[in-house]
Amino acid sequence: MKDFEKRIAGVVDSILADYHNGRDIDQMDIFRHPDKDVVVELIGKLRRIIFPGYFRDKNYHIYNAKHNLSMLIEDVMFNLSQQIRLVLAGNGMDAAEAETQAQKLCVAFFERVPQIRAMVQTDLQASYDGDPAATGMDEIIYSYPGLFAITVYRLAHVLYELKVPMIPRMMTEHAHSVTGIDIHPGATVGRFFFIDHGTGIVIGETTVIGENVKIYQGVTLGALSTRGGQSLRGVRRHPTIEDNVTIYAGASILGGETVIGRDCVIGSNAFITRSIAPGTTVSIKNQELQFKTRAKPEELTIISAE
(Lines give C-alpha, C1' and ligand atoms only; values in the text may rest on other atoms or scores of the structure.)
Protein backbone atom coordinates (compact mmCIF):
# COMPACT_ATOMS: atom_id res chain seq x y z
CA MET A 1 0.00 0.00 0.00
CA LYS A 2 2.82 2.40 0.89
CA ASP A 3 4.49 1.64 -2.42
CA PHE A 4 1.25 2.49 -4.22
CA GLU A 5 0.94 5.77 -2.28
CA LYS A 6 4.52 6.69 -3.25
CA ARG A 7 3.74 6.00 -6.88
CA ILE A 8 0.63 8.20 -6.68
CA ALA A 9 2.68 11.01 -5.12
CA GLY A 10 5.29 10.64 -7.86
CA VAL A 11 2.65 10.82 -10.60
CA VAL A 12 1.08 13.91 -9.00
CA ASP A 13 4.47 15.63 -8.79
CA SER A 14 5.27 14.84 -12.41
CA ILE A 15 1.95 16.26 -13.63
CA LEU A 16 2.36 19.43 -11.55
CA ALA A 17 5.89 19.84 -12.94
CA ASP A 18 4.48 19.48 -16.45
CA TYR A 19 2.49 22.72 -15.95
CA HIS A 20 5.72 24.76 -15.97
CA ASN A 21 6.68 24.37 -19.64
CA GLY A 22 5.30 27.74 -20.79
CA ARG A 23 2.89 26.27 -23.34
CA ASP A 24 -0.63 27.54 -24.08
CA ILE A 25 -2.13 24.54 -22.30
CA ASP A 26 -0.07 25.30 -19.17
CA GLN A 27 -1.85 28.62 -18.41
CA MET A 28 -3.42 28.30 -14.95
CA ASP A 29 -5.00 31.71 -14.26
CA ILE A 30 -8.66 30.73 -14.59
CA PHE A 31 -9.77 34.29 -13.81
CA ARG A 32 -8.36 35.57 -17.10
CA HIS A 33 -11.01 33.77 -19.13
CA PRO A 34 -14.79 33.73 -19.39
CA ASP A 35 -16.66 30.95 -17.61
CA LYS A 36 -18.25 28.59 -20.13
CA ASP A 37 -20.93 27.47 -17.66
CA VAL A 38 -21.93 31.09 -17.08
CA VAL A 39 -22.08 31.76 -20.83
CA VAL A 40 -24.32 28.72 -21.35
CA GLU A 41 -26.55 29.87 -18.51
CA LEU A 42 -26.74 33.32 -20.12
CA ILE A 43 -27.95 31.72 -23.36
CA GLY A 44 -30.89 30.23 -21.48
CA LYS A 45 -31.68 33.58 -19.89
CA LEU A 46 -31.40 35.43 -23.18
CA ARG A 47 -33.76 32.90 -24.69
CA ARG A 48 -36.28 33.83 -22.00
CA ILE A 49 -35.86 37.48 -22.94
CA ILE A 50 -36.47 36.65 -26.62
CA PHE A 51 -39.49 34.44 -25.85
CA PRO A 52 -40.86 35.86 -22.56
CA GLY A 53 -44.06 33.83 -22.59
CA TYR A 54 -42.45 30.45 -23.17
CA PHE A 55 -39.54 30.03 -20.77
CA ARG A 56 -39.53 31.19 -17.16
CA ASP A 57 -37.52 30.91 -13.97
CA LYS A 58 -39.06 28.05 -12.03
CA ASN A 59 -37.94 29.66 -8.77
CA TYR A 60 -40.76 32.17 -9.13
CA HIS A 61 -43.98 30.81 -7.59
CA ILE A 62 -45.84 34.06 -8.27
CA TYR A 63 -45.03 35.12 -11.79
CA ASN A 64 -45.31 38.83 -12.51
CA ALA A 65 -43.96 38.94 -16.05
CA LYS A 66 -42.98 42.60 -16.20
CA HIS A 67 -41.30 42.62 -12.77
CA ASN A 68 -39.44 39.36 -13.32
CA LEU A 69 -38.32 40.30 -16.82
CA SER A 70 -36.91 43.56 -15.50
CA MET A 71 -34.86 41.65 -12.93
CA LEU A 72 -33.84 39.10 -15.57
CA ILE A 73 -32.60 41.77 -17.99
CA GLU A 74 -30.59 43.49 -15.27
CA ASP A 75 -29.14 40.15 -14.17
CA VAL A 76 -28.07 39.23 -17.70
CA MET A 77 -26.62 42.67 -18.34
CA PHE A 78 -24.47 42.44 -15.23
CA ASN A 79 -23.26 38.89 -15.80
CA LEU A 80 -22.68 39.35 -19.52
CA SER A 81 -20.66 42.50 -18.87
CA GLN A 82 -18.52 40.56 -16.40
CA GLN A 83 -17.82 37.82 -18.92
CA ILE A 84 -16.94 40.41 -21.56
CA ARG A 85 -14.67 42.13 -19.03
CA LEU A 86 -12.84 38.88 -18.39
CA VAL A 87 -12.24 38.17 -22.06
CA LEU A 88 -11.09 41.74 -22.77
CA ALA A 89 -8.69 41.69 -19.81
CA GLY A 90 -7.48 38.26 -20.88
CA ASN A 91 -6.62 39.76 -24.26
CA GLY A 92 -4.34 42.29 -22.58
CA MET A 93 -6.62 45.25 -21.98
CA ASP A 94 -6.08 47.26 -18.79
CA ALA A 95 -8.47 46.14 -16.03
CA ALA A 96 -10.18 49.51 -15.59
CA GLU A 97 -10.52 50.00 -19.34
CA ALA A 98 -11.86 46.45 -19.72
CA GLU A 99 -14.54 47.15 -17.11
CA THR A 100 -15.63 50.36 -18.85
CA GLN A 101 -15.54 48.87 -22.33
CA ALA A 102 -17.46 45.76 -21.24
CA GLN A 103 -20.26 47.90 -19.85
CA LYS A 104 -20.47 49.90 -23.08
CA LEU A 105 -20.55 46.76 -25.19
CA CYS A 106 -23.20 45.18 -23.01
CA VAL A 107 -25.46 48.23 -23.26
CA ALA A 108 -24.93 48.37 -27.04
CA PHE A 109 -25.90 44.70 -27.27
CA PHE A 110 -29.10 45.12 -25.28
CA GLU A 111 -30.07 48.17 -27.31
CA ARG A 112 -30.25 45.82 -30.28
CA VAL A 113 -32.36 43.14 -28.57
CA PRO A 114 -35.61 44.48 -30.10
CA GLN A 115 -34.02 44.14 -33.55
CA ILE A 116 -32.89 40.60 -32.73
CA ARG A 117 -36.41 39.70 -31.61
CA ALA A 118 -37.84 41.10 -34.85
CA MET A 119 -35.44 38.91 -36.86
CA VAL A 120 -36.29 35.83 -34.79
CA GLN A 121 -39.99 36.44 -35.44
CA THR A 122 -39.31 36.21 -39.18
CA ASP A 123 -37.38 32.96 -38.65
CA LEU A 124 -40.28 31.57 -36.62
CA GLN A 125 -42.72 32.49 -39.37
CA ALA A 126 -40.47 30.92 -42.00
CA SER A 127 -40.31 27.73 -39.95
CA TYR A 128 -44.09 27.53 -39.79
CA ASP A 129 -44.69 28.46 -43.42
CA GLY A 130 -42.02 26.09 -44.68
CA ASP A 131 -42.87 22.96 -42.71
CA PRO A 132 -46.20 21.19 -43.30
CA ALA A 133 -45.50 19.06 -40.22
CA ALA A 134 -45.57 22.11 -37.92
CA THR A 135 -48.78 22.29 -35.91
CA GLY A 136 -48.19 25.77 -34.54
CA MET A 137 -45.71 28.37 -33.36
CA ASP A 138 -45.55 26.91 -29.84
CA GLU A 139 -44.31 23.57 -31.16
CA ILE A 140 -41.58 25.28 -33.17
CA ILE A 141 -40.36 27.45 -30.29
CA TYR A 142 -40.25 24.55 -27.85
CA SER A 143 -38.93 21.77 -30.04
CA TYR A 144 -37.31 22.82 -33.33
CA PRO A 145 -33.49 22.64 -33.14
CA GLY A 146 -33.20 24.87 -36.20
CA LEU A 147 -34.94 27.78 -34.52
CA PHE A 148 -32.84 27.33 -31.38
CA ALA A 149 -29.60 27.38 -33.38
CA ILE A 150 -30.72 30.41 -35.39
CA THR A 151 -31.78 32.29 -32.24
CA VAL A 152 -28.42 31.70 -30.58
CA TYR A 153 -26.71 32.73 -33.80
CA ARG A 154 -28.74 35.97 -33.96
CA LEU A 155 -27.66 36.86 -30.42
CA ALA A 156 -24.03 35.86 -30.98
CA HIS A 157 -23.85 37.67 -34.31
CA VAL A 158 -24.61 41.03 -32.66
CA LEU A 159 -21.82 40.45 -30.14
CA TYR A 160 -19.56 39.46 -33.04
CA GLU A 161 -20.41 42.70 -34.86
CA LEU A 162 -19.59 44.60 -31.67
CA LYS A 163 -16.17 42.86 -31.79
CA VAL A 164 -16.61 41.00 -28.52
CA PRO A 165 -13.91 38.29 -28.53
CA MET A 166 -14.50 34.58 -27.92
CA ILE A 167 -17.97 34.74 -26.31
CA PRO A 168 -19.94 34.72 -29.61
CA ARG A 169 -18.12 31.57 -30.70
CA MET A 170 -18.71 29.95 -27.32
CA MET A 171 -22.43 30.62 -27.75
CA THR A 172 -22.78 29.19 -31.25
CA GLU A 173 -20.59 26.19 -30.41
CA HIS A 174 -22.90 25.43 -27.50
CA ALA A 175 -25.84 25.50 -29.91
CA HIS A 176 -23.78 23.29 -32.24
CA SER A 177 -23.21 20.75 -29.48
CA VAL A 178 -26.92 20.68 -28.65
CA THR A 179 -28.37 20.64 -32.18
CA GLY A 180 -25.65 19.48 -34.55
CA ILE A 181 -26.04 22.79 -36.42
CA ASP A 182 -22.81 24.78 -36.79
CA ILE A 183 -23.39 28.45 -37.63
CA HIS A 184 -20.36 30.67 -37.22
CA PRO A 185 -21.35 33.95 -35.51
CA GLY A 186 -19.57 35.89 -38.26
CA ALA A 187 -21.91 34.66 -40.99
CA THR A 188 -24.45 37.14 -42.35
CA VAL A 189 -28.00 35.76 -42.49
CA GLY A 190 -31.06 37.60 -43.74
CA ARG A 191 -34.65 37.48 -42.54
CA PHE A 192 -37.02 34.49 -42.81
CA PHE A 193 -34.27 31.89 -42.50
CA PHE A 194 -35.51 28.31 -42.08
CA ILE A 195 -33.45 25.28 -41.15
CA ASP A 196 -35.42 22.05 -41.56
CA HIS A 197 -34.25 19.08 -39.44
CA GLY A 198 -30.79 20.61 -39.34
CA THR A 199 -28.37 17.97 -38.12
CA GLY A 200 -25.00 18.29 -39.80
CA ILE A 201 -25.44 21.78 -41.23
CA VAL A 202 -22.25 23.87 -41.43
CA ILE A 203 -22.32 27.60 -42.21
CA GLY A 204 -18.88 29.18 -42.34
CA GLU A 205 -17.69 32.53 -41.01
CA THR A 206 -17.80 34.57 -44.23
CA THR A 207 -21.02 33.07 -45.61
CA VAL A 208 -23.66 35.57 -46.76
CA ILE A 209 -27.26 34.35 -46.86
CA GLY A 210 -30.11 36.43 -48.21
CA GLU A 211 -33.78 36.43 -47.25
CA ASN A 212 -36.28 33.57 -47.47
CA VAL A 213 -33.61 30.88 -47.63
CA LYS A 214 -34.43 27.29 -46.65
CA ILE A 215 -31.73 24.74 -45.81
CA TYR A 216 -32.08 21.04 -45.02
CA GLN A 217 -29.93 18.71 -42.97
CA GLY A 218 -26.34 17.93 -43.91
CA VAL A 219 -25.77 21.07 -45.98
CA THR A 220 -22.29 22.61 -45.97
CA LEU A 221 -21.68 26.24 -46.87
CA GLY A 222 -17.94 26.04 -46.57
CA ALA A 223 -14.50 27.00 -47.81
CA LEU A 224 -13.07 25.46 -50.94
CA SER A 225 -9.75 25.00 -49.14
CA THR A 226 -8.35 25.91 -45.73
CA ARG A 227 -4.81 24.68 -46.33
CA GLY A 228 -3.57 28.24 -45.91
CA GLY A 229 -4.60 28.20 -42.26
CA GLN A 230 -4.15 31.53 -40.45
CA SER A 231 -2.99 33.23 -43.63
CA LEU A 232 -6.63 33.08 -44.77
CA ARG A 233 -7.91 35.04 -41.77
CA GLY A 234 -10.13 37.85 -43.00
CA VAL A 235 -10.27 36.45 -46.55
CA ARG A 236 -13.67 35.72 -48.04
CA ARG A 237 -13.80 31.91 -48.06
CA HIS A 238 -17.48 30.96 -48.02
CA PRO A 239 -20.30 31.29 -50.56
CA THR A 240 -23.08 33.82 -51.06
CA ILE A 241 -26.65 32.50 -51.10
CA GLU A 242 -29.07 35.02 -52.56
CA ASP A 243 -32.80 35.41 -51.77
CA ASN A 244 -35.45 32.68 -52.11
CA VAL A 245 -32.99 29.78 -52.40
CA THR A 246 -33.74 26.24 -51.24
CA ILE A 247 -30.85 23.87 -50.55
CA TYR A 248 -31.75 20.22 -50.03
CA ALA A 249 -30.10 17.62 -47.81
CA GLY A 250 -26.42 16.82 -48.18
CA ALA A 251 -25.52 19.55 -50.65
CA SER A 252 -22.09 21.19 -50.39
CA ILE A 253 -21.53 24.72 -51.70
CA LEU A 254 -17.94 25.87 -51.39
CA GLY A 255 -15.76 28.89 -52.07
CA GLY A 256 -15.73 32.61 -51.46
CA GLU A 257 -16.40 33.45 -55.11
CA THR A 258 -19.35 31.07 -55.40
CA VAL A 259 -22.72 32.82 -55.66
CA ILE A 260 -26.02 30.95 -55.74
CA GLY A 261 -28.42 33.28 -57.53
CA ARG A 262 -31.86 34.15 -56.23
CA ASP A 263 -34.71 31.65 -56.73
CA CYS A 264 -32.33 28.72 -57.22
CA VAL A 265 -33.08 25.20 -56.02
CA ILE A 266 -30.06 23.05 -55.14
CA GLY A 267 -30.84 19.34 -55.07
CA SER A 268 -29.67 16.80 -52.54
CA ASN A 269 -25.99 15.83 -52.50
CA ALA A 270 -24.99 18.40 -55.11
CA PHE A 271 -21.34 19.49 -54.91
CA ILE A 272 -20.96 23.06 -56.15
CA THR A 273 -17.79 25.13 -56.45
CA ARG A 274 -18.86 27.70 -59.03
CA SER A 275 -21.61 30.31 -59.25
CA ILE A 276 -25.12 29.35 -60.33
CA ALA A 277 -27.31 31.73 -62.33
CA PRO A 278 -30.56 32.97 -60.75
CA GLY A 279 -33.62 30.77 -61.22
CA THR A 280 -31.60 27.58 -61.81
CA THR A 281 -32.48 24.14 -60.48
CA VAL A 282 -29.43 21.97 -59.85
CA SER A 283 -29.91 18.24 -59.42
CA ILE A 284 -27.95 15.03 -59.74
CA LYS A 285 -29.09 12.58 -62.39
CA ASN A 286 -30.42 9.40 -60.81
CA GLN A 287 -27.57 7.10 -60.03
CA GLU A 288 -27.70 3.47 -60.98
CA LEU A 289 -29.03 1.28 -58.20
CA GLN A 290 -28.16 -2.38 -57.80
CA PHE A 291 -30.42 -4.88 -56.03
CA LYS A 292 -28.96 -8.20 -54.97
CA THR A 293 -31.42 -10.98 -54.30
CA ARG A 294 -31.08 -13.16 -51.23
CA ALA A 295 -30.16 -16.29 -53.13
CA LYS A 296 -27.45 -18.90 -53.11
CA PRO A 297 -24.19 -17.70 -54.69
CA GLU A 298 -24.76 -19.75 -57.84
CA GLU A 299 -28.26 -18.25 -58.21
CA LEU A 300 -27.25 -14.62 -57.53
CA THR A 301 -28.71 -12.12 -59.99
CA ILE A 302 -28.19 -8.40 -60.20
CA ILE A 303 -31.04 -6.13 -61.21
CA SER A 304 -30.15 -2.60 -62.20
CA ALA A 305 -32.52 0.33 -62.27
CA GLU A 306 -32.05 3.91 -63.29
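The crossing of α5 and α7 is right-handed. This model is predicted. Two packed helices are described by the angle between their axes and the distance between the axes. Here, the axes of α5 (residues 113-130) and α7 (residues 145-161) come within 10 Å and cross at roughly 155 degrees. Angles over 145 degrees count as roughly antiparallel, and α5 and α7 are therefore roughly antiparallel to each other. On the α5 side, the contact is made by Ile 116, Met 119, Val 120, Asp 123 and Leu 124. Helix α7 contributes Leu 147, Ile 150, Thr 151, Arg 154, Leu 155 and Val 158. Sorted by class, the residues of this contact are eight nonpolar, one polar and two charged.

Next come the pockets. Rolling a probe the size of a water molecule over the atoms shows where empty space is left. The second largest pocket has a volume of about 180 Å³. Its lining includes Ile 116, Met 119, Arg 154 and Val 158, residues that also take part in the contact between α5 and α7. Two or more lining residues come from each of α5, α7 and β2 (188-189), and α7 gives the largest share, five residues. The classes in this lining are five nonpolar, three polar and three charged residues.

The largest pocket holds about 560 Å³ of space. Of the 23 residues that line the largest pocket, Arg 169, His 184, Glu 205, Arg 233 and Arg 237 lie nearest its centre. Helix α8 (167-179) gives the most to this lining, with three residues. By class, the lining has 10 nonpolar, seven polar and six charged residues.

Methods
Residues numbered from 1 in each chain as written. Predicted model: local features only at pLDDT ≥ 70, side-chain atom pairs only at ≥ 80, totals over all residues. Heavy atoms only, no water. Axes fitted to C-alpha atoms, helices over the stretch in contact; angles between N-to-C directions. Helix = DSSP H or I, 4+ residues; strand = E, 2+ residues; numbered from the N terminus. Parallel < 35°, antiparallel > 145°, perpendicular 65-115°, else oblique. Left-handed = near helix turned anticlockwise from the far one by under 90°. Contact = heavy atoms within 4.5 Å. Nonpolar A, V, L, I, M, F, W, Y, C, P; charged D, E, K, R; others polar. 1 Å grid on protein atoms, 1.4 Å probe; cavity = no way out; pocket = protein on both sides within 12 Å on 5 of 7 lines; lining within 4 Å. Points joined across faces, edges and corners; volume = space filled by probe spheres on them.
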